[in-house]
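Biologist: I would like to know what stands behind the labels put on this fold. Please take me through them one at a time.

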Amino acid sequence: MTTLRQTPRHEMIDIIARIAERDGDYATVIPGLSVHRHSSTATPNCAAYKPSLAIIVQGVKRVVLGDETLVYGASDYLLTSIDLPVLSQISQASPEEPYMSLAFQIDTGKIPALLDLIGDGPTKSPASPRGMTVSKITPDLEDAALRLLRLLERPDDIAALLPLIEQELLYRLLIGPHGARLRQMTTAESQPHQIGRAVAWLKEHYSRPLRIDDLASRVSMSVSSLHHHFKAITAMSPLQYQKQLRLQEARRLMLEERLDAGDAGHQVGYESQSQFSREYARQFGEPPARDIGRVRRSLVGRLSGETEMLSEG
């Protein structure tokens, strides 16, 4: 009698289903690894994506970066090479076939040592410098991701095998079609590396008034070069990026710390309440009070069996 062998994708679905028995976003015992399960589509929500590998094993998701929309589904992966504020939305999910995915944060500090081992290789410059891209997963990358998930069910193996699997995942990404993005982000004085420094400064000082000439000087770029390469990599200008950070943090403050709109806007750097409300409504589709009320009602609904995803790393 012949036994049908389970495909890697279906084994990944089974592992995630055992970990995430109910809808939600689950951190795991492996640092930087999370798994996600959602049984319904949701309205767009704000999220801050760090350098990471995200793989959907079932369902479809769309991510809005600046003025671009990326759509990826089962057997696709999303590679993020720089910190990016986005809007994300699960666009295909059902109780019978819930959306399931995994996300693994990339430790960019480990890339230079790996590059020393593998050398420059034949990797070509990326067709686009964008810091986020979607690709079909390769069998080798899928196999390494599956072995990463299997570690969750063999915790005694994590200490010995996690460093090896993490290195293989990085290796597969570096030699893949978009590996040049990761290489350039860790190459000192490259333009992507300089933009990475600009992004780091903006994240730390988002509430301060932004002077573009000062930011350009901090990262040793001309103002025109900063604008050009920042837009090319993040799909936003520095001012637009700062605005995204401010609005996302203000929303968090109202949801989690229950600040009112005036205090939240002021805390993230807005001097004008009317400007804050106007830009907030443009970003999230509703004025602050109405949006926060809707999200809180959805959280109550989630506890009673309904669901809305608020974030996914």
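Biologist: What do the buried residues of α4 pack against?

Modeller: The buried residues of α4 pack against β4 (52-58), β7 (76-80), β9 (99-105), α2 (111-118), α3 (139-151) and α5 (179-185). Contact here means heavy atoms within 4.5 Å. This is a predicted model, in which local features need pLDDT of at least 70, side-chain atom pairs count only at pLDDT 80 or more, and totals for chains, interfaces and linings use all residues. Residues are numbered from 1 along each chain as its sequence is written, and side-chain values use heavy atoms, with hydrogens and water left out.

Biologist: Which residues of α4 are buried?

Modeller: Buried means under 20% relative accessible area, exposed over 50%, and partly exposed in between, with a 1.4 Å probe and protein chains only. In α4 the buried residues are Ile158, Leu162, Ile165, Glu166, Glu168, Leu169, Leu170, Leu173 and Leu174.

Biologist: What span does helix α4 reach, and what is expected?

Modeller: The expected span is 1.5 Å times one less than the number of residues. Helix α4 (residues 158-174) has 17 residues, and its first and last C-alpha atoms lie 23 Å apart, close to the 24 Å expected. Helices (H or I, at least four residues) and strands (E, at least two) are DSSP runs, numbered from the N terminus.

Biologist: Why is the pair of Tyr270 and Phe276 called tilted?

Modeller: Rings of Phe, Tyr and Trp (its six-membered ring) pair if their centres lie within 6.5 Å; planes under 30 degrees apart count as stacked, over 60 as edge-to-face and the rest as tilted. The search of the whole structure finds four aromatic pairs. For Tyr270 and Phe276 the centres are 5.3 Å apart and the planes stand at 55 degrees, so the pair is tilted. Tyr270 has 6% relative accessibility and so counts as buried, and Phe276, at 0%, is buried too.

Biologist: What makes Tyr280 and Phe284 a tilted pair?

Modeller: Their ring centres are 4.6 Å apart and their planes are at 55 degrees, so this pair is tilted. Tyr280 and Phe284 are four residues apart in helix α11 (residues 273-284), which means about one helical turn separates them. Tyr280 counts as buried because its relative accessibility is 0%, and Phe284 because its value is 14%. Ring pairs link Tyr270, Phe276, Tyr280 and Phe284 into a cluster.

Biologist: Which strands count as the edges of the four-stranded sheet?

Modeller: Two strands pair if DSSP finds at least two bridges between them. The open sheet of four strands has the order β3-β8-β5-β6, paired antiparallel. Its edge strands are β3 (45-49) and β6 (68-73), since each pairs on one side only. Between β3 and β8 (residues 84-92) there are five bridges, and Asn45 stands opposite Ser88 in β8.

Biologist: What is the order of the six-stranded sheet?

Modeller: That open sheet runs β1-β2-β9-β4-β7-β10, again with antiparallel pairing. The edges are β1 and β10 (132-136), each pairing on one side only. Strands β1 (residues 24-27) and β2 (residues 33-38) share four bridges, while six bridges join β2 to β9. In the hairpin of β1 and β2, Gly32 takes a positive phi near 85 degrees.
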